[in-house]
Amino acid sequence: MPLRFHNTLTRRKDLFEPLEPGRVRLYTCGPTVHDRVHIGNFRTFLFEDVLRRYLRYSGYEVTQVMNITDVDDKIIRKARAAGVPIGAFTAEFTRLFFEDAAALGIEPAEHYPRATEYVPEMVRLAMRLRDRGVTYERDGSLYFRIASFPGYGKLSGIDLGGARDGARVDSDEYEKEDPKDFVIWKAHREGEAWWDGELGPGRPGWHLECSAMAMELLGESFDIHTGGVDNVFPHHENEIAQSESATGRPFARYWLHAQHLVVGDRKMAKSVGNVLALRDLLEQGADPLAVRYLLIAAHYRSPMQFTTDALAQASAAVGRLADLHGRLRAAAGAEEVERAGEADVAAEAGLSQRAEASFREALDDDLNTPRALAVVFGFLREVHSRLDAGVPTAAAATWLVRLREWDRVLGVLRCSPAEVPQGIAALLREREEARAQRDYARSDELRKTIQERGYAVEDTPEGPRVKNLGAT
Ligand code: AMP
Ligand code: ZN
């Protein structure tokens, strides 16, 4: 079955076809770095990671942009309260975000633009809108007039009926169900970060930031735009209005939104006070791979409850996969694994092919991870029983290759040190030496280099553990 995604814009499952054959351009709204990113945010980022990995698994080349929102109302407020410049304030949370993302096996995106590095592009976009006559100025700030864009509401289905012409909003986030003209350039106020330029001293609005970075790095029209459901309105609705008003072309063609991670009946959110960071779970002894498993195991369009029971079950599932991996490794000889790509062990290879077809069918159907995992566990049971019956080594090698291929999408198998390439092993040793000498700057630098080469390092009481972030 061909790949289909539920498109928030059309409200149905659409057949996926990128603008450019073989290549997918993907924009994912990234974290606002005013605090430690919580596991609710990571539910969305992991959905995007599985999306990216599955697109690559399906043979597409992917260019993914994830922005880092490093200036907005909240950041300015909190940095001021802490008495630090916003650059220093956001640098630390950005670093922690990358650290957690690596521990969760999130494949690095191709670009991580920081909003503060794209201000000239944002000013240019705002000026383009001004030239088109879809903005107006009040007290030095520039607002987008939503009544000027006939398609306003097409993403969220918001009713414009009650919108008063000229009702404005300055804050980056505002009430749902209440469409208003929104600020794209905010006049400078005492004590706030500001930039100078053609629009006068001020700073960009949050919605404008994403539009400018997306179009700068992916082009005026691109394939997929994602985020959590809370981004649909106003953030994504406003991104569409600005971008399409400026270019006269469709902005993103497929809009995918993840439902929230909830605790009890409340969404996990800083403002509710029920957030958990990855670090909190690790301190309680959780395995980051189990957290990853937990957060990808439900379908992304279903709300998901976080409970410690669910985490324990995820941990057990990861353990069962590791056991199968170990058993297959032991059963398959090393040369057999090399040859397994071509090896066809009649009936035994058939099992792997059938399971692969079902695995793809599940993920082709709007990224149905629970169904794909059910296929994996069905395979696991069958393989154990055939191994019990003493199948030939070549069959075990075929199954081992299948399991590892699936892990290019799932990312829940742990690499043993023996599977780390020589070059990475050498970097790991060097990092251990740096740590032993308490040279943490050097060890952080080495961690970065290792990560750039596709491996995440995690320090545990038993020593460093590595995880393959990449595909093959
Ligand atoms: P923020 O840092 O607030 O901009 O959020 C980063 C991403 O996390 C956005 O795509 C949000 O939609 C998403 N998000 C926020 N809270 C949750 C949650 N409880 N569950 C899933 N995704 C969330
Ligand atoms: Zn965004």
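How close do the axes of helix α4 and helix α6 come, and at what angle do they cross?

**View 1. The crossing of helices α4 and α6 in this predicted model.** The axes of helix α4 (residues 119–131) and helix α6 (residues 232–247) come within 9 Å, and they cross at roughly 65°. An angle from 65 to 115 degrees counts as roughly perpendicular, and α4 and α6 are therefore described as roughly perpendicular to each other. The crossing in which α4 passes α6 is left-handed. On the side of α4, the contact is made by L125, R128 and L129. The residues of α6 that take part are Q242, S245, A246 and T247.

**View 2. The packing of helix α1 against helix α8.** Helix α8 comprises residues 288–297, while helix α1 comprises residues 39–57. The two helices pack at an angle of about 80°, and their axes are 9 Å apart. That angle makes α1 roughly perpendicular to α8. From α1, the residues I39, F42, R43, L46, D49, V50 and R53 meet R292, L295 and I296 of α8.

**View 3. The surroundings of L278.** Leaving aside residues up to four places away in sequence, L278 touches I39, D100, A103, L104 and V291. L278 and F42 are 236 residues apart in sequence, yet their C-alpha atoms are 8.8 Å apart in space.

**View 4. The largest nonpolar core.** In soluble globular proteins, nonpolar side chains tend to be buried together. The largest nonpolar core here has 132 residues, and L55, I224 and F359 have the most contacts inside it. Helix α1 supplies the largest share of this core, 10 residues. At least three residues of the core come from each of domain 1 (18–267) and domain 2 (309–410). The neighbours of F359, not counting residues up to four places away in sequence, are Y57, A372, V375, V376, W406, V409 and L410. Another core, of eight residues, lies apart from the largest one; I424, L427, I450 and V466 are among its members.

**View 5. The domains of the chain.** The chain is divided into domain 1 (18–267), domain 2 (309–410) and domain 3 (422–468). The centres of domain 1 and domain 2, taken over C-alpha atoms, are separated by 39 Å. The contact between these two domains takes eight residues from domain 1 and 14 residues from domain 2.

Notes
Residues numbered from 1 in each chain as written. Chains lettered and ligands numbered in written order. Predicted model: local features only at pLDDT ≥ 70, side-chain atom pairs only at ≥ 80, totals over all residues. Heavy atoms only, no water. Core = buried A, V, L, I, M, F, W, Y, C linked by side-chain atoms within 4.5 Å. Buried < 20%, exposed > 50% of the residue type's maximum accessible area, 1.4 Å probe, protein only. Helix = DSSP H or I, 4+ residues; strand = E, 2+ residues; numbered from the N terminus. Domains from an automatic or database assignment. Contact = heavy atoms within 4.5 Å. Axes fitted to C-alpha atoms, helices over the stretch in contact; angles between N-to-C directions. Parallel < 35°, antiparallel > 145°, perpendicular 65-115°, else oblique. Left-handed = near helix turned anticlockwise from the far one by under 90°.
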